[in-house]
Structure formats: C-alpha cells, structure tokens
Amino acid sequence: MKKKLVVVGNGMVGHAFLDKLVNSSAFSDYTVTVFGEEPRVAYDRVYLSSYFSGKTAEDLSLVPTGFYEANGIDIRLNEKVVAIDSAAQSITTASGISMTYDKLVLATGSYPFVPPIEGNNRDACLVYRTIEDLEAMKEAATRSKIGVVVGGGLLGLEAAKALVDLGLQTHVVEFAPRLMPVQLDNGGASMLRRKIEKLGVKIHTSKSTKIIEDGETARHKMVFADGESLETDVILFSAGIRPRDELAKQAGLAMGARGGIVINDQCQTSAAHVYAIGECALHGGMIYGLVAPGYAMAQVVVDHLNHKPAAFTGADMSTKLKLMGVDVASIGDPHGTDEAAKSYIYENGPQEVYKKLVVSADGKKLLGAVLVGDVDDYGNLLQLKLNDMDLPEHPDDLILPARAGTKPSFGPDSLPDSAQLCSCYDVSKGRIIQAIDEGATCLADVKNATKACTGCGGCTQLVTSVVNAELAKRGVEVSKAICEHFPYSRQELYHLVKVEGHKDFASLLHAHGEGHGCDICKPAVASILGSVWNAYAFDKKNIPLQDTNDRYLGNMQKDGSYSIIPRVPGGEITPDKLIVLGQVAKDYQLYTKINGGQRIVLFGAKLPDMPAIWKRLIDAGFESGQAYAKALRTVKSCVGSTWCRYGMLDSVKMAIDLENRYKGVRSPHKMKMGVSGCTRECAEAQAKDIGVIATENGWNLYVCGNGGMKPRHADLFAVDLDEATLFKYIDRFIMFYIQTAGRLERTATWLGNLEGGIDYLRQVVIEDSLGIGMHLEMQMQSLVNSYQCDWQQVVDDPEKAKLFYNFVNADEKDPEQLYVRERGQLRPATAQEKLESLAVELV
Amino acid sequence: MSEWVKICAVSDLIADAGVPALFKDQAIALFYVNDQVYALSNYDPIGQANVMSRGIVGSIKGELVVASPLYKEHYSLSTGKCLEKPEVALTVYSVKVEGGDVWVS
C-alpha cells in the first residue's frame, strides 16, 4: 500500500521538489497529489518580465508537457487548500475536497507586500507576481501613459523593465536613499542609477508615499512625506515579499515572530510529517527570497524522504543578474558591517563600471563584493568567498582591468571538489568531474548530464574552464583538431580555405595537413568548399571527398540502392506532380513513403537508373531536394491563413520562400526549418533549427531547436518581425553558424558550446556587435545567387550521367539487390530470405 | 596461377576514389591511389551489400584505407584487413597495369 504525499503549492520550488522526487527511488513509495491555487502549472517567475518582450505563458512554463500525467501525479489546479488538520493529518480545499496525507509539503511561496498607504487599492494599483498580475498590467497599460514602481529592489527593477516594455513612461520610487539597498553600496547603487536613468527611467530615492489620491493630469497623484508629489496612471507595488503562511498558522504550526513557517535543517515544521520549503519557510530566522535556496530545500526534503542524510544549513545570497540590461552582482556582505573590514573600490566613469571588494581586517579573506556594469569577475570572487580561500597579496588586482597587469587567475584546480559552481542546480565541481568520468567529452555533454549552466547561465565561464582542465588531465584532446590529418578545427579550416583561397582538398592538404586525408576530414572540407565557393559536389576532383550520399546525390540504403527525394517546397504539391511521382515509382518499382519532412520518398533506385529517373522528374518541374546533403532539408509548414480558420499569416508562402532562398546552401550539418501560421504551432517549428511562427504583429523567430536523439526546444530569438527583417536575421544566423560551428555540429549543440549562449548570438545577429552583419548577408546572397540544382547538372551532362553504373565493365544488375513484396510494394530481402531463396529479383 | 582478366582502362578510374567492376562473376572494387591500382572485394561483410567502391579513401597512421560507406569501418587497401574488427577482411586481388589497361587475377 502506497503512502500519501500531498504538496500544497505549484510554484517554482514546489515544481522543483516534484521534479527531484520523481527522479528518486522514494517516488515509488508514494501516491502524490498536488494542489495549486493558480490556474496553471509552475512557471518561471524570475524571468516574468520577458512576458512583455515576447514570451508567452507557455514559454515561461517550467513543466514539460505531460510531465505530471506521465508520472502519475494527480495535479489539481485552481484548487486552494484552506485548512490543515495536522493531528488528523488531513487537508481541506476551498471547494470542499478533504484528503488525508502521510507526508505534507508546504510550498506556498510568498505574496507581494503592499505598504499600508491610503489609496493603495485604487484602480490600476497592482502587484507583480503572477501571470494574472501581468495580464492586469497589460490591460491597465492600454489606458495609461505613466507607470510607477514602488520599490527599487531587485524585484522592483524587474517590474520597472516590464513597464518600460509596455511602453509606459516609467518611474521607480524607493524608500531607502539608494537602489537595491540590500545588495549594493552607495557607489554601486549610484552607478546603477546612472545607467538606468539613461534608459529613460526616472528614479526617486528617499521617498515615502503618504497617500494616493486623484491626479490632475493622470489617474493618480502620489503624495510623499517630503511634500513632493508624482502623477501617474499605473502603480506597481514591489516593496518586498511576505511568506504565505496563513495555512500553517491556522494549523497551529510554529511561526516566526514576523511570519514564516519555522523549519529545522531537514525542512520539517513543528509537525514532523509536515515540511515547508521556499519563500514560506523560516530557517534560522531567515526567509530566503531567491529561488536557489528554495531548490536546495526541495532537495533536502527529497533526500529526507529517501532516508538519506541531508541538511539545509542556510544559503549564500550572492546574486548576479541583468537588470534592464545592466549587469549587477553582489557577493556576501558588501556593506562592510564588520567595522574592521577594509575595502577596495574601482570606478571607471566613461565606461560606467563600478567594483568594490570588502576584505577581512587581515586582508586574507573576501567578505563581500559589488559589481556594476562589468560582472566578469563574479565567478572568481564567488568561489573565493564560498570556499573561504586566501586572497592574493594585492586583492585589488582581482577587480582591476586585465591590462593593468597580470590578473591573478584561480585555475580551476585551486577549487575544492565541493565547490558549488552552478547555484541554480546545485552542481559542484565534483559532480562535473563525475560527469566527465562517466563519459562527457565536451561542455554540451556536461550540461546535459548535470544541468549546470542551464539556469541563469552565470556559471558558464567557470564550468567551461573546469571542463577543459579536467579533460586535459585525462589526455582527452581538448585540441579541436578535426582528425589526424589536420591540426585544426572545422572553424579554423573554414577560415584557412577562405583567407588563403584554397579551391580543392589537395591544395589545403599540401599547405596545412599530412597523409591522405580520411572519411572525417574529406567530407568536412568538401562541405567547407561548398559553403565558401559553392563548389559543385560532382566535379571530378571533388568526387573522392564526398560521402557516398553526396557522390551519388541520393541517400544510400542498406542494400546499396538509393532514395530519391525531390524538393517539395513547404510541402505544397500539385496533383500533376503527384501523378508524375506515382508514375515514376510504378515504372521503376520504387517503394514509396511520405517521410517526416512533408516530402515523398522513392526508395530502391539502382545507380544506373538514377539519371533517367531524375530526368523525368526534372522534366515535370521537380528539382533535387538535397536530402543527401548537409544542407537545408525541408521547411515544414501548416496550411496557414489561406485555409485555416485560426491562421494569422500565410505560413505556406513563407515556407516556400524560405526553402527557395536557402536550398542547397552547404552547412556543417543538416538544417531543418518550420513555419506555423499561428501559436497552435501545427508545424512543430520549435523543434527545428529555425522556426518561424506567425503572430498578430508579424513573425516570431525561434532558433536552435532539434528533434532527433537529443530533442531540444528552440529558443525564442526575436519577436514581431516583418519579412525583410526576418530574412535578414536568418541570413546572418545561418552564415554565422556555417562559419563557426564544428564538424557535424547541429545548431542546438553549436549553441550549447557557444560561449555567451543565446544572448551572445542575439548580439551578433540582431545588434551586429561584431560589425559583420552586412558581410554575412552578402555571403549568403552570393550563395543564393550561385545556386544550381545538383541533378539538373547531371542530367544535362552525359559525362556525369555516365558515372552511374553498377560495374565499370559490365551492364549487369547487382546480384545482391534482391526484393520481397510486402503490403503491395517491394522491400530489400533479409539475409535469411536470400538464403532460403524466398526473394524475388527486381525485373 | 589463375589467369589475368582485362577489366577496364586506367582512364576509367577516378583518382583517390573507388570504381565497381565485375571480375568473372564477382563484384570487385578498384581503387586508384598514388598512381597505383588496388583491387578488393566490393562486398561489405558487415553491411552485407556491394558498396565498398563507394567508400572514402584515405590514410590512417600511414596505412592506405577505404571506409565502408555504410557503417564506416576502415579496411586496408593492401591487406584487406578491417582495422576495427581484425577478424573481418576483404578479399584482395592481384592487379597489374599494362598498356593503359587494368588487369585483375
């Protein structure tokens, strides 16, 4: 008989608990029921403001579709728990459901504190915590011009970004004399203020609001204690959080004097079978308003349920984030509350950078730090603090620019194995080493195995250095040499080909390689020659470089025959063309199937027949589908606005345009695209290297998705684009990928290994931070201009067509190609069938 | 000593690549590398199809090899041995070039 586990609350921490639980052995001991007060499953509150810069509620969701169902977790949304009877071990919900439990987990979170100001409940006076709050903000913004955030802390500034994104003239009102008073000192706060004010946000500090009343020029007038006032249409309270502890209070659990459910190191409340985790819990007199400590508590409860020793002993509140585009970080105690503490300050006015170190009286240990405008030192400093490491002789070297001298670097080896590198997923250096011992051979593998770097991404640099150092120790070639013949990576070879103008393999090998090449470097160089010069695969000197698929312009099947896949742009095909395909398949007895990319495949074509088959297809208006090449495969589309009742835009036309523009462009690996005409996403565009989805305002662009072995949801890259901008970004994206990716690296892996990740990619493609945007577009245009159908060239040239034979010296069939009829078509005979002579030979 | 059979002209071969041919009733693959012709069985013993002539020719630690186009095992052009699975090998045929023609026995 399974025990009953009830979870109250389905926020970030509540979900993290379930996610960790299902992956532990104790999960099989319990039937799990979850109650959530909100109408939707857990979503990312940390990046809430991205809702206004293009993300949807679905994008923000933390729960993979079907996660609860697949794991047999009973989730009840819109169902608020209103009472706990801890003696009877039961709960009751607002709709009257009663349920007993063996274990209860409270993850009720917190609510936004609204200061007790007269008028705080007027129209368009809002808070910022849930998606419903966002919707209310959106609605209020439609009838407003000015918005004020009350509270200049971390959340307040996030909320201010939301108001800016909604197009409101934005003000921030802070009670303290500076922004982010908890995390920053005066110097750091004033630098932050300067940078934010540049963005057009007005900051008012040392302001205490007395009353909110009718405005004269706007909806409200806020009157401050100093007699000044401010008129605004929307007011957003973001003045801190308070634990949602009313349930626990009613149940008689021990509470803190100022609220919060008291927990011990195992996260148990005063009733041992009831746990509390996240922002509702009070541990050692502290409420932790960050998500990482909440995740740590969730892990402790899971360990406890698994009878493993684990303890939550407090959490580091260091934080690094981007507020309105400004990098800010705070470590430990940045105020130097210890009187004997000493500090170092570096300020760079022109570049708007501020850094401060607080060190112990003897100068040996780091106590705290503030970084504004440049947070590259965060990783190093955090490790110094967390591991209580000794400071170098001149601690200020740590924050001075590298050019001022040699910056002391903490080699990854100086970190203990227990050092936590990724705080979002609590990944230690030891865990990274374990992943490498278990077979991870690059950063992307380590990310997949440990989830490190996949939360805020702040630890990427540090984790990369640990991964590289550990791989080097194991003698794994961190060198990216493509194979034994070239001491260069694919990216380096690309540049050598381009810069030195190599037009063939022999010239490149002579200049930079040794030996004869192999099946690794030859196709890679062929692809590079194709990308740089649009070199035709079938040129005689290129033939030896090609994988058989490229050499014979078809995909070789297990029996040595080939598949024929004509391009069907966007999946749109006329009945006449369908008839031709059917007739050709019938005449050559080809097995016919529709593949996953909305195309029709004819299987079993023999080498000598291929030119004749293609001649008939080309005469009917088809062209090569390049299904054999590392190039664009298909652009999948839904039917779009021309037919669909829900379509916003013409997705079929967009798919055809995309396919025709990028067809034939050789890339490091195959590329797939998808276009959906609305957010119902019937084309599954988010599983493609490039996905395009129509919205009311234009096209949203997604990049680096993948189906296949390691599925990956694409990242939303840019929103509401017009067609010209969309193509501009895709041109740049593809060319940048072609130039910088490794051999056979799909866009998803490429992004995983790209330092700086999606943000960096946006800078390069959208903001043109490298100044190469125009160049990339021109290169793409030149490839587009020189496109030729591979098969057209074979059909037009008898010398080329002559190379398709079974034997150079005989016009005979391949005796191994034998077929069996199944479901009305032919398929290759198995070895057993050949032995038993059950096979029929093709006529 | 088995008899020599004329297969084709050297000009029918492709430098640094393979070409399929029929020797008596056997499918063979001719490779033309460094002005020398190698003849091996065209049958891929692992993939079980006549495809070796379509593999990529190269070198591994100095030894000339052809990679199976199906599952990428490497076979020595001179001995026929599979580098990854020493128990598997391609049959090697004798070759000579005379008067611009390729002969196999």
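The model is predicted: local features need pLDDT of at least 70, side-chain atom pairs count only at pLDDT 80 or more, and totals for chains, interfaces and linings use all residues. Residues are numbered from 1 along each chain as its sequence is written, chains are lettered from A in the order in which they are written, and side-chain values use heavy atoms, with hydrogens and water left out.

**Helix H15 of chain A**
- H15(A) covers residues 521-533, where a helix is a DSSP run of H or I with at least four residues, numbered from the N terminus.
- Because 12 of its 13 residues are buried, H15(A) is largely enclosed by the rest of the structure; buried means under 20% relative accessible area, exposed over 50% and partly exposed in between, with a 1.4 Å probe and protein chains only.
- The cover over its buried residues includes helix H20 (723-740) of chain A and strand S7 (56-60) of chain B.

**A:Lys522**
- A:Lys522 is buried without a salt bridge, and the nearest side chain of opposite charge, B:Asp16, is 5.3 Å away; a salt bridge needs a side-chain nitrogen of Lys or Arg within 4 Å of a carboxyl oxygen of Asp or Glu.
- Beyond four places in sequence, its contacts (heavy atoms within 4.5 Å) include A:Phe505, B:Ile56 and B:Val57.

**A:Gln598**
- A:Gln598 sits in the loop between strands S30 (591-594) and S31 (600-605) of chain A, a strand being a DSSP run of E with at least two residues.
- A:Gln598 counts as partly exposed because its relative accessibility is 28%.
- A polar atom of the A:Gln598 side chain lies 3.2 Å from the backbone nitrogen of A:Ser637.

Conventions: Lys and Arg count as positive and Asp and Glu as negative; His and the chain ends are not counted. A polar contact is a pair of N or O atoms within 3.5 Å; within protein, one must be able to donate a hydrogen and the other to accept it, and residues adjacent in sequence count only if both atoms are side-chain atoms.
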